[in-house]
Amino acid sequence: MLAAAGLMRQSDRRGRGTRALASPVQRPSRVLVVDDSAVVRDLMAQVLEHAGLAVSVASGGGDALTEFSSRRPDIVLLDIDMPGIDGFEVLRRIRDVDGTVPVVMLSLRSSPADRHRAELLGASAYFTKAEFQETTLVDTLRRLIGPS
């Protein structure tokens, strides 16, 4: 897992650590993690918090839409297979109200058809849980969020 202390040491070695401390304090980017599995939600929250992101979680599609409406995140990390409102429908509804917020799919589904459907609905990126690598995910989220 990403270790905050390790990241700080890497930053200091590259000469960026002191500049980062001198810059004005900015709010961390907000990520909404949506997954019906408590284990996955907790793991994603831990990884993203260690990366310096502010994390909120939702356990299903309905909760995700409520959270999205009340506290617009900078990016959404979204599972597909959930009871009730699935991730494809959540993505469609998010796109109906906001076409700019990045939505990253993180699913067990790995078929080209599912990837294509997510792309057609406006997903910004697609990862399978079987291929999950935290550094790749965090780098992708940071790239999609852009400069803070």
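## The largest cavity

The largest cavity of this predicted model has a volume of about 30 Å³, a volume being the space filled by probe spheres set on grid points joined across faces, edges and corners. A cavity is a set of points, on a 1 Å grid over the protein atoms alone, where a 1.4 Å probe fits but cannot get out. The structure holds 1 cavity of 30 Å³ or more.

Its lining residues (those with an atom within 4 Å of a point) are Val33, Val34, Asp35, Val40, Met44, Leu77, Leu78, Asp79 and Leu106. By class, 7 are nonpolar, none polar and 2 charged; Val, Leu and Met count as nonpolar and Asp as charged. Strand 1 (30-34), helix 3 (38-50) and strand 3 (75-78) each give at least two residues to this lining. Helices (H or I, at least four residues) and strands (E, at least two) are DSSP runs, numbered from the N terminus.

## Helix 3 and helix 7

Met44, one of the lining residues, also belongs to the contact between helix 3 and helix 7. There, Met44, Val47 and Leu48 meet Glu134, Leu137, Val138 and Leu141, contact meaning heavy atoms within 4.5 Å.

## A salt bridge at Asp35

Asp35, also in the cavity lining, forms a salt bridge with Lys129 (2.8 Å, N to O). The term requires a side-chain nitrogen of Lys or Arg within 4 Å of a carboxyl oxygen of Asp or Glu. The two residues lie 94 residues apart, Asp35 in the loop between strand 1 and helix 3, and Lys129 in the loop between strand 5 (125-128) and helix 7.

## Basis of the values

Residues are numbered from 1 along each chain as its sequence is written, and side-chain values use heavy atoms, without hydrogens and water. Local features need pLDDT of at least 70 and side-chain atom pairs count only at pLDDT 80 or more, whereas totals for chains, interfaces and linings use all residues.

Note on methods
On a 1 Å grid over the protein atoms alone, a cavity is a set of points where a 1.4 Å probe fits but cannot get out, and a pocket is an open set with protein on both sides within 12 Å along at least five of seven lines; lining residues have an atom within 4 Å of a point.
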